[in-house]
Amino acid sequence: MASSTLFSMCSLKRESFDIKAINSNKEFKFNASNLLNRLPVKAMLSYDFMNSRLLTDENSLKCGQSQRLLRNRIQCHAVEVEKVPVYTMGKKFQLDDVIEAQQFDRETLNAIFEVAKKMENIEKKSPGSQILKGYLMATLFYEPSTRTRLSFESAMKRLGGEVLTTENAREFSSAAKGETLEDTIRTVEGYSDIIVMRHFESGAAKRAAATAGIPIINAGDGPGQHPTQALLDVYTIEREIGKLDGIRVGLVGDLANGRTVRSLAYLLAKYQDVKIYFVSPDVVKMKDDIKDYLTSMGVKWEESADLMEVAAKCDVVYQTRIQRERFGERIDLYEEARGKYIVDKDVLKVMQKHAVVMHPLPRLDEITVEVDADPRAAYFRQAKNGLYIRMALLNLLLVGW
Amino acid sequence: MASSTLFSMCSLKRESFDIKAINSNKEFKFNASNLLNRLPVKAMLSYDFMNSRLLTDENSLKCGQSQRLLRNRIQCHAVEVEKVPVYTMGKKFQLDDVIEAQQFDRETLNAIFEVAKKMENIEKKSPGSQILKGYLMATLFYEPSTRTRLSFESAMKRLGGEVLTTENAREFSSAAKGETLEDTIRTVEGYSDIIVMRHFESGAAKRAAATAGIPIINAGDGPGQHPTQALLDVYTIEREIGKLDGIRVGLVGDLANGRTVRSLAYLLAKYQDVKIYFVSPDVVKMKDDIKDYLTSMGVKWEESADLMEVAAKCDVVYQTRIQRERFGERIDLYEEARGKYIVDKDVLKVMQKHAVVMHPLPRLDEITVEVDADPRAAYFRQAKNGLYIRMALLNLLLVGW
Amino acid sequence: MASSTLFSMCSLKRESFDIKAINSNKEFKFNASNLLNRLPVKAMLSYDFMNSRLLTDENSLKCGQSQRLLRNRIQCHAVEVEKVPVYTMGKKFQLDDVIEAQQFDRETLNAIFEVAKKMENIEKKSPGSQILKGYLMATLFYEPSTRTRLSFESAMKRLGGEVLTTENAREFSSAAKGETLEDTIRTVEGYSDIIVMRHFESGAAKRAAATAGIPIINAGDGPGQHPTQALLDVYTIEREIGKLDGIRVGLVGDLANGRTVRSLAYLLAKYQDVKIYFVSPDVVKMKDDIKDYLTSMGVKWEESADLMEVAAKCDVVYQTRIQRERFGERIDLYEEARGKYIVDKDVLKVMQKHAVVMHPLPRLDEITVEVDADPRAAYFRQAKNGLYIRMALLNLLLVGW
């Protein structure tokens, strides 16, 4: 890498800088567009190559904000200039926030998966296990989700980072006294370096990200998005089947209400020659918006009432839970829907040898326990992949790649 | 620092020693007055200068307790003798507990603020970020306060310490089975090095401190005290205005029930030439005890019904939330009180350029959102200062300065 | 230690190997009997002595499971070959799970106590305080027990390990959606290295251990077992009295419902010449199964209605709380039982000088507060011993001894 000019990507958002170019005179232009309510800011800064640190020259800052606010908000991280991996040369690889599955293009997905694969090999007490030492993650959960929370907290701690936990922010926090989400975010961002948020309202994560000066990860916002689940699902398919182009996926169960299968369908549309089969009871069929989207993206899909036939063709049988709470008082409909498509030993028998069964968990009896012992039962490995994906995201959001 | 005699201050309380003097013969006198129910104990101990450790000679201990208890309780920390900062020379600077705002004199406040300022500059992965490595803080919260808890836990982790969390000790702990606070403290002190306690009863923190052999920090006890909030308020004024003597402060909103403004008034009385304006609806006026106290301390104060006039004069406009829960069924009174004094753009217009708006948070609409973008809106910086103050206190209580 | 052949014990269970012997050719046989549903597996592996790491040769693995599952489950920890303490020479000392008090023989108890004693002396910032660095413990509590949880979490952190906490898994987790305990365990084991579980159902810990590929510690499962409490009780007697053979123990209070005294009776039966006195109100007398067990083991016991007489004879007076919840609506019976046997100053007067009062805590008034100041009041030291026992167990389960 020549010392005259280089493209680098850094951690940063409001409290640090988004370096675009450094010249040989130890000066460089930067674009701190996410600084302070996302107003654009431009300035010249000095860079101390010996110590790999930015020397902020506040006087050279030009922006639409008063000097005072800047003094309080602009604090450079000690940014180390590292070799940039090939796939980000001249086109830095960096994430600001993780809000929705649609934000990722195919190239970004590949890059995240590459990092996730490296995470699988991080060993205890190795340098890799200390990448995020000194960083603090706040888990701000407005509704409980022990599984998702533990997965994120494990990911942070496996990389040497620390965690501030709120398991039930809705009931306990100042939200109960009427504080806005924005005010809560402004306070919590003062205590932490990244916020993982779960909320009961669709769109809450986007609002948080618009306010926060630190990265936000959406860990589920109501019926809206759960992007890290979608990422780990696609990652699991790639790890288990070895490819994403040309795969055949059967989505089974509650396709109307499950945000998981909806997000997965969005992401699969980014790959070539994918075919999707929808297998669901009539009352919880896949909605037209997804079908239309797939069609517009050139993804082939069909509906089927025959799980055996679909299972025999597919690389992936993605089973989901029928959610009782969606049926209100029509327990009869729930019971009918629930028992209709079960993945059991008979389904395994018709599945191909290389194929896998996936499930976002928790499961009830839509996959029978006898399936667990089969090597093609991928759902617990899938859960573990959630750890690697979250490690990768925390790494990319906090220190970059 | 001569090696013949030195004054040192140490962490300590019951489980360690309060070293007063060390002579050149590697022996020194110490005064372990806080040991075991705070009975005075005197003894000669040896000190290993090479390894900077105390060599406890149990036989030389003379005290009113049986030898057996001592064996169990007296355990020296590995005490490092460091250079003592000037302002504590011959007069060590050390805190035992943080129980109430009144315990601090002006000199102590200055010293705490000096440490807090240093905390603002601690960087990730620097040696400073590991000052409390190996120390364990227990957050024993008998009523939830996510904001305060996260602030303390962030402070501890920013200094390399670890945390044991109980978010809802009242419901979950043995308290529900009828255990006394004293017994709970005696158990929890066995697991941790410092206890941060929030309780629903006034005076609970003092009871805990009387029992505990480790430091207690009061994180709010009912309508009683919330001393770290008072400290961060005064620290914020000093950081924002640049001085504390001669300032003019307007206290606005619920002055009858807010422990925040009451504690702040106590602390401001320690400074010279301060003037306080009380602006509040009639039903929640400042009570006479505070007014009398201020008068007795020579602090000028006056009540006013005109927020605009006060705002124009003051260095600090300290707004507070009208607490609905104080009005019982008289919602009409609450609504009337609540809408009376709002800090909005019009108030900003009359305020001086150097003045600031403060608020303990959470806020509802007593400060309008349009105020947030003004550089004089100091309330989120104030929340962040809570982090630095708590870092300073943890440092002072656990390893001294 | 000769380099030709050595016996070593390692961390292990499913995700690592149980090394039996290493020869000089850098190859050794191992027995991974706990691997994958506890099926036996045998294989030859290479061992890199320079780097103290196992080099897994997957091709040499022979087992009844498919290669695929193995690829996912068999991951060697970086195992360091250390000097083996004398008492485990040729007979490694290792724990798989801690499920019930009965699983420990006298030799194992002694070994655990030896480790626990070493734990008492681990100092802050010493190498010993980092033994478990990089390890993650999940506390999966289906019913709250702040005291027990904090004790385990403190133990883990005192050894440099990290913790994932769930204080109320029953209400919050996917259990509420109908997930089986087995599925929850399979997910959580993906995020952590050891699970400390408290459950409301007897036998839950055993079920978890049968499923998990990582160690399980039972932190209480319903009316069943609470083995770490039993261990710390015996450890406390040994520390306070100096021996276990030949001791006389008075068990007082609710002997019918307290799992603590039942487990303690089981463990005491492993020692020589022990005599146990049962002192309890008629409605909560010790049940016949324990009496029969003691008789069959040659342990002398008798029932007594005279606490003073028993206290005068015993080395240990073990008081317990009468649990109100066991009496339903018969509050009259509860009140009668509760007031019958109180340990107060009069009891202390008849007790021998070397004897101690113990209690599992929390206590109400079955031990009066005036007793606390007496050196023979051992119950808070007993609680602290729980920390050392748990440190020892975590050490033994995660990295061995």
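This is a predicted model: local features need pLDDT of at least 70, side-chain atom pairs count only at pLDDT 80 or more; totals for chains, interfaces and linings use all residues.
Reader: How many residues of chain A are in contact with chain C?

Author: Contact means heavy atoms within 4.5 Å. Chain C contributes 33 residues, and the number from chain A is 33.

Reader: What area do chain A and chain C bury between them?

Author: Buried area is the accessible area (1.4 Å probe) that two parts lose on being put together, summed over both. Carbon and sulfur atoms account for 51% of it, and the area is about 3,000 Å².

Reader: Which residue of chain A meets Arg186(C) in a salt bridge?

Author: A salt bridge requires a side-chain nitrogen of Lys or Arg within 4 Å of a carboxyl oxygen of Asp or Glu. Six are found across the interface of chain A and chain C. In one of them, at 3.6 Å from N to O, the partner of Arg186(C) is Asp372(A).

Reader: Which helix supplies the largest share of the side of chain A that touches chain C?

Author: Helices are DSSP runs (H or I, at least four residues), numbered from the N terminus. Both α4 (146-158) and α14 (379-398) of chain A supply at least two residues of that side. The largest share, nine residues, comes from α4(A).

Terms used. Residues are numbered from 1 along each chain as its sequence is written. Chains are lettered from A and ligands numbered from 1 in the order in which they are written. Side-chain values use heavy atoms; hydrogens and water are left out.
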